[in-house]
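Q: I'm new to this one. Can you walk me through it?

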There are 2 protein chains.
Amino acid sequence: MSLMLAEIQQQPMALERTIRREGKRIKRFAESIAKRRPQLIVLVARGSSDNAALFGRYLLEISTGIPVSLAAPGVHTLYHTKMRLQDALVVGISQSGEGPDVNIVLENAKQSGAHTIAITNAADSAMAQLADETFLIHAGRERSVAATKTYTGQLVIFHMLAAALNGNQGFAEVERLPELAAQSLELRPHIETMVERYAYMNQCVVVGRGLNYANAYEFAIKLMETCYVVAERFSSADFLHGPIAMVERDFPAFLFAPPGKTLQGMQDLLGKLNKLGAETVVISSEKAALKLASRTLQIPSRIEESLTPIPYIIPAQLFAALLAKAKGLSPDSPRSLAKVTKTV
Amino acid sequence: MSLMLAEIQQQPMALERTIRREGKRIKRFAESIAKRRPQLIVLVARGSSDNAALFGRYLLEISTGIPVSLAAPGVHTLYHTKMRLQDALVVGISQSGEGPDVNIVLENAKQSGAHTIAITNAADSAMAQLADETFLIHAGRERSVAATKTYTGQLVIFHMLAAALNGNQGFAEVERLPELAAQSLELRPHIETMVERYAYMNQCVVVGRGLNYANAYEFAIKLMETCYVVAERFSSADFLHGPIAMVERDFPAFLFAPPGKTLQGMQDLLGKLNKLGAETVVISSEKAALKLASRTLQIPSRIEESLTPIPYIIPAQLFAALLAKAKGLSPDSPRSLAKVTKTV
């Protein structure tokens, strides 16, 4: 078994551990800043962690109404801009905690008076030393180059942070996530058969929206780095503003279609893609969406939309890991990549 | 000649007109808000206008230090979040001014006390009616579905807005842009020959960083919608965090390598791509970068980095329009697309 597959399977336990060990600390943190509420939240990350940040952006804006900006590290590292971040909460997200660019942004933010948080899997990392607060992902060491358990670990920290900033509402729901993750893992035998069909797929598009937009990016990056599939990623709205022109018969589309606010739009897009003769693969619990799809990854039970991102990315992680195997590739050591990428 | 090509050629005049007619109004606007400086700038757009917003994000942060957030329209249109935007300057960018989602965000922002600006090509559009201020792109009607002269028109408005918010410094430089745009148009005969090589290209990657990161997105969307080429777009830093694993011999990389802060990183990436045996096409005035490339789009003169985005996107626009022609396609009416895409 590849390290990637083994680490995918560890997710329910890693999530459970992270909730148990960090929940109270995150609640206390929210209480400590209740009097001086941030005017702005800035998230800074690279790679898969940046996809987690994209989820954090939607979740935090939706649950708190505080505007969120995804930092452009180059503004700090290349252009050396002194940003006005004194009323901001600046959150660095990094598996290793050693990304130089992310740490430079955190350092600048701290100097300009911002309150800083590190979300990392490495308690003794440079980022953890640097930040005012550290929330740890208790995922254990991640050995596969392709991040899986640290991505969902970052997501669950954002779930808790959003709950905490929202007057500590919603913690009970977050505690359901390890069980929901375990249910998604049961799709593995189905996916193992299904990937055979895609052994010679060279390109595809992945579409998600709202709270599952980040998952589209994350599924695409997994397909690119472990299967060398050229995977475009879009929100359903952006996809209609141009790139849908690319879709042809041999260009399958993977869609995240959870119940909730984005479902109708995804069904409309599925209708359009069917008219174009495109093959579609839908990740959903909803019959209305599944019946429009060429192939399905059916989530066992209907989950409240805000909790879907973790249980919905797991079938996609399994798909990438098993497709890599079907293609005769090792997902653990992609060519041209190292576990810790140091960019500035 | 396609409408797209004709409109590409109109850019020097359109830019000149926009600078002449809007410059003073933008200066006055900046003076009027000098006492109540925004704490945050939020940009909201879709499609090519969203690429222009990505440029605006870098330019405004670098020149003013005010944090900028690219709005996620779905937070407003799908999740109906009441955002705290009272101290923000919220800028809608839309060619037609009729995108329902962009206008909903502007309306919500106005209700929550934000100051709102419209950047549009349509003086009598819904967006222009709605916003507190309107800065017009004087591009004339854009008839091609593929936006070109309105993209650079949006860029020049951002140049002026950044200069205005920066104490009205830098207006004289902006006035050089029409001439620099005209110089780039002289590359047309070279590009006309060059595109023959790419008549059967199906996929590629486009890389830019910092102030030219938006151009990577814009070039990619043009290749997708007019040539049906699967074009991935990345910053050079993000590209190294995973997707570089995809690159193979038949997967050319197009790189924006202007002089300035991003040049060294682009040269490093070119070195890596050469080792992987990838074909590279470099848009640059700089010999050090051009000599590392398989093919070149040489910008005639060295331009200060902050002014490069408009003269550097023009060869890319020409490339897309002429490649479409070489592929026997009409760039003016891509399949599945209408000029005004209405998403919510």
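Q: How many residues of chain A are in contact with chain B?
A: 70 residues of chain A are in contact with 70 residues of chain B. Contact means heavy atoms within 4.5 Å. One caution: this is a predicted model, where local features need pLDDT of at least 70, side-chain atom pairs count only at pLDDT 80 or more, and totals for chains, interfaces and linings use all residues. Residues are numbered from 1 along each chain as its sequence is written, chains are lettered from A and ligands numbered from 1 in the order in which they are written, and side-chain values use heavy atoms, with hydrogens and water left out.

Q: What area is buried between chain A and chain B?
A: About 5700 Å². Carbon and sulfur atoms give 56% of that. Buried area is the accessible area (1.4 Å probe) that two parts lose on being put together, summed over both.

Q: How many salt bridges are there between chain A and chain B?
A: Two. The rule asks for a side-chain nitrogen of Lys or Arg within 4 Å of a carboxyl oxygen of Asp or Glu. One such pair is R233(B) with E232(A), at 2.7 Å from N to O.

Q: And how many residue pairs in polar contact across that interface?
A: 17, with both residues at pLDDT 80 or more. A polar contact is a pair of N or O atoms within 3.5 Å; within protein, one must be able to donate a hydrogen and the other to accept it, and residues adjacent in sequence count only if both atoms are side-chain atoms.

Q: Which element of chain A gives the largest share of the side that touches chain B?
A: Helix 3 of chain A, with six residues. Helices (H or I, at least four residues) and strands (E, at least two) are DSSP runs, numbered from the N terminus.

Q: New topic. How can chain A be laid on chain B?
A: By a turn of 180 degrees and a shift of 0.0 Å along the axis, with an RMSD of 0.0 Å. That is the relation of a two-fold axis. The superposition is by least squares on the C-alpha atoms of residues with pLDDT of at least 70 in both copies.

Q: Which residue of chain A comes closest to the rotation axis?
A: S69(A), with its C-alpha at 2.3 Å. The same surface serves both copies, as 100% of the contact residues of chain A recur in chain B.

Q: What do they bury between them?
A: About 2200 Å², 74% of it on carbon and sulfur atoms. On the domain 1 side, L5(A), N51(A) and Y151(A) supply 21% of the area buried against domain 2, more than any other three residues.

Q: How many salt bridges and polar contacts cross there?
A: Zero salt bridges. Seven residue pairs are in polar contact, both at pLDDT 80 or more. Helix 3 of chain A gives the most to the side of domain 1 that touches domain 2, with eight residues.

Q: How many salt bridges over all chains?
A: 22. Among them is R20(A) with E16(A), the closest N and O atoms being 3.1 Å apart. These two are four residues apart in helix 2 of chain A, so about one helical turn separates R20(A) and E16(A).
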